[in-house]
Amino acid sequence: MEEQRTKVLIIGSGPAGYTAGIYTSRANLHPLIYEGHQPGGQLTQTTEIENFPGYVDGVQGMEMMDQLRNQAERFGAHVVSRSIASVDFSKRPFRCVDERGDIIIAETVIISTGATAKYLGLPDEDKYNGLGVSACATCDGFFYRKKKVAVVGGGDTACEEALYLSTLAEKVYMIVRKDHLRASDIMKKRVDERENIEILFNCNTVGLYGEGGVEGARIVRNLATPEQEEFDLPIDGFFLAIGHTPNTSIFKGQLEMDDEGYIKVEAPHTYTSVEGVYAAGDCADPIYRQAVSAAGTGCRAAIDAERFLLEKGLE
Ligand code: NDP
């Protein structure tokens, strides 16, 4: 069991964590980045990223994360390929313990643990992952131009994803398990007005089919009622929009969070409810969830931490 001290501990990688690493290392703060079990975060699960400014021809998610990590390391960030298992934010410096039992004593902590898209839990979602199954229309919608796609969910995210996809795809089905949308009225109205969106109410997906990629979904309408019926829906893309879970369980009881577990921050700053602890990226953002917006908050968190250290004479 080792113990080490750091001015800045960054928990989590992805665009927020690595950007915080680039800024704090350039400020000569020698940050320690615990990149966790999915180094690079959600973007390493997607294929090509075409909406991050600066990449004219697009870039593979994995490649972009490697570049961000290398950029942080170039200026002195130390990247550790392990997870933090527990934190104690009750007094400063903060005491954090990693999964191996090593202790990190940190003057400031930047949390950038991200969020995980919820899936239905069907084995076919794994089977067709990257082959027609996606949880991000903004990332992958472009590949479905003039094709047929389905969006699962009836909330604001599902409506937003369906509207976005409807500008690219020939036809968009929304698969909604209830007889109504949960989304806000304005989103419902927009969906209603879009001619190529069709809502399939009272429908649940029970499987996907296709040779080498999604060619359709198996749907059950009116599940567990006398009117139950099963049918196949031919589609090329299957998009999940049933919510995200922020990866914040280890901070429960230590930081203020909303009902969904997103860390509360004092926007436009990244201050959490504990002085010296900052949150950036999707773990504190239920709305935008984009790589570029996460990178932006990572930069803000780094500057917030830097100013705090300066004020306390700890830089
Ligand atoms: P929500 O929790 O609001 O909606 C999730 C949807 O997925 C619901 O329709 C839910 O169905 C459905 N669902 C959940 N689990 C399953 C399942 N196992 N099978 C089938 N369907 C399922 O999540 P959102 O991501 O849509 O929104 C999160 C928050 O972000 C909300 O507060 C929303 O208003 C906000 N937001 C706002 C936006 C905007 O203002 N432009 C854009 C995006 C999000 P059911 O209704 O039956 O529970």
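Reader: At what angle do helix H5 and helix H6 pack, and are they roughly parallel or roughly antiparallel?

Author: In this predicted model, helix H5 covers residues 156–166 and helix H6 covers residues 185–193. Their axes lie 10 Å apart, and the packing angle is about 30°. Angles under 35 degrees count as roughly parallel. H5 and H6 are therefore roughly parallel.

Reader: Is the crossing of H5 and H6 left-handed or right-handed?

Author: The handedness is given for the pair H5 and H6. Their crossing is left-handed.

Reader: How do helix H1 and helix H7 pack, and what does the angle make H1 relative to H7?

Author: Helix H1 spans residues 14–26 and helix H7 spans residues 291–311, with 7 Å between their axes. The two pack at an angle of about 40°. Because of that angle, H1 is oblique to H7.

Reader: Is the crossing in which H1 passes H7 left-handed or right-handed?

Author: This concerns the pair H1 and H7. H1 passes H7 in a crossing that is right-handed.

Reader: What distance separates a polar side-chain atom of Arg 182 from an oxygen atom of the ligand?

Author: Arg 182 is among the residues that come nearest to the ligand, as are Gly 154 and Arg 177. For Gly 154, a backbone N or O atom is 2.8 Å from a ligand oxygen atom. A side-chain N or O atom of Arg 177 also has a ligand oxygen atom at 2.8 Å. For the polar side-chain atom of Arg 182, the distance to an oxygen atom of the ligand is 2.5 Å.

Reader: How much of the accessible area that the ligand has on its own does the protein cover?

Author: On its own, the ligand has 920 Å² of accessible area.

Methods:
Residues are numbered from 1 along each chain as its sequence is written. This is a predicted model: local features need pLDDT of at least 70, side-chain atom pairs count only at pLDDT 80 or more; totals for chains, interfaces and linings use all residues. Side-chain values use heavy atoms; hydrogens and water are left out. A residue is near a molecule or strand if one of its heavy atoms lies within 4 Å of it. A polar contact is a pair of N or O atoms within 3.5 Å; within protein, one must be able to donate a hydrogen and the other to accept it, and residues adjacent in sequence count only if both atoms are side-chain atoms. Accessible areas come from the Shrake-Rupley method with a 1.4 Å probe; for residues, only the protein chains shown count as cover. Axes are lines fitted to C-alpha atoms, for helices over the stretch in contact, and angles run from 0 to 180 degrees between N-to-C directions. Helices (H or I, at least four residues) and strands (E, at least two) are DSSP runs, numbered from the N terminus. Angles under 35 degrees count as roughly parallel, over 145 as roughly antiparallel, 65 to 115 as roughly perpendicular and the rest as oblique. A crossing is left-handed if the near helix is turned anticlockwise from the far one by less than a right angle, and right-handed if clockwise.
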